[in-house]
Amino acid sequence: MAKDKILFYRNPQFSKCPSCKSIGTLHRSRARNMWEQIVRKTSFIKTYRCKECGWRGFRSTLIFTKKSLKTIIVYIVLMALTAYLAQYFILHYAMN
Ligand SMILES: [Zn+2]
């Protein structure tokens, strides 16, 4: 079901330009510096440029839903708890 989806993949090339609001004018832009290269390689944020108005900036290719953010927090808490318990048991049983 769609409401259970955590992440939505979105191609910014088909979304609105934040500056001139035209649709379908964004295209991938080359990274200009180290910082942009790092961001591009390590995240789902890419550099885009608008053909119409020349706007240039970062757009995310993934969007989180409000509901999904809660789900992610729950997952993180559960993972941390599991990791903590696993560590506890490993230490407890390995040492005795
Ligand atoms: Zn534009």
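Metal donors are taken as N, O and S atoms within 2.8 Å of the metal (3.2 Å for Na, K and Ca); water is not among the atoms, so sites may look incomplete. The structure is a predicted model, in which local features need pLDDT of at least 70 and side-chain atom pairs count only at pLDDT 80 or more, whereas totals for chains, interfaces and linings use all residues. Residues are numbered from 1 along each chain as its sequence is written, and side-chain values use heavy atoms, with hydrogens and water left out.

The zinc ion is coordinated at 2.2 to 2.3 Å by the SG atoms of Cys-17, Cys-20, Cys-50 and Cys-53. Along the chain, these donors follow the spacing C-x2-C-x29-C-x2-C. Cys-20, in the loop between strand 1 (7-9) and strand 2 (26-28), and Cys-53, in the loop between strand 3 (45-50) and strand 4 (56-60), are 33 residues apart, and the pair links distant parts of the chain; strands are DSSP runs (E, at least two residues), numbered from the N terminus. Cys-20 is partly exposed, at 32% relative accessibility, and Cys-53 is likewise partly exposed, at 37%; this class lies between buried (under 20% relative accessible area) and exposed (over 50%), for a 1.4 Å probe and protein chains only.

Thr-61 is located in the loop between strand 4 and strand 5 (62-64). With a relative accessibility of 8%, Thr-61 is buried. A polar atom of the Thr-61 side chain lies 2.8 Å from the backbone oxygen of Phe-44. Beyond its neighbours within four places in sequence, Thr-61 is in contact (heavy atoms within 4.5 Å) with Phe-8, Tyr-9, Arg-10, Pro-12, Phe-44, Lys-46 and Tyr-48.

Key
Helices (H or I, at least four residues) and strands (E, at least two) are DSSP runs, numbered from the N terminus. A polar contact is a pair of N or O atoms within 3.5 Å; within protein, one must be able to donate a hydrogen and the other to accept it, and residues adjacent in sequence count only if both atoms are side-chain atoms.
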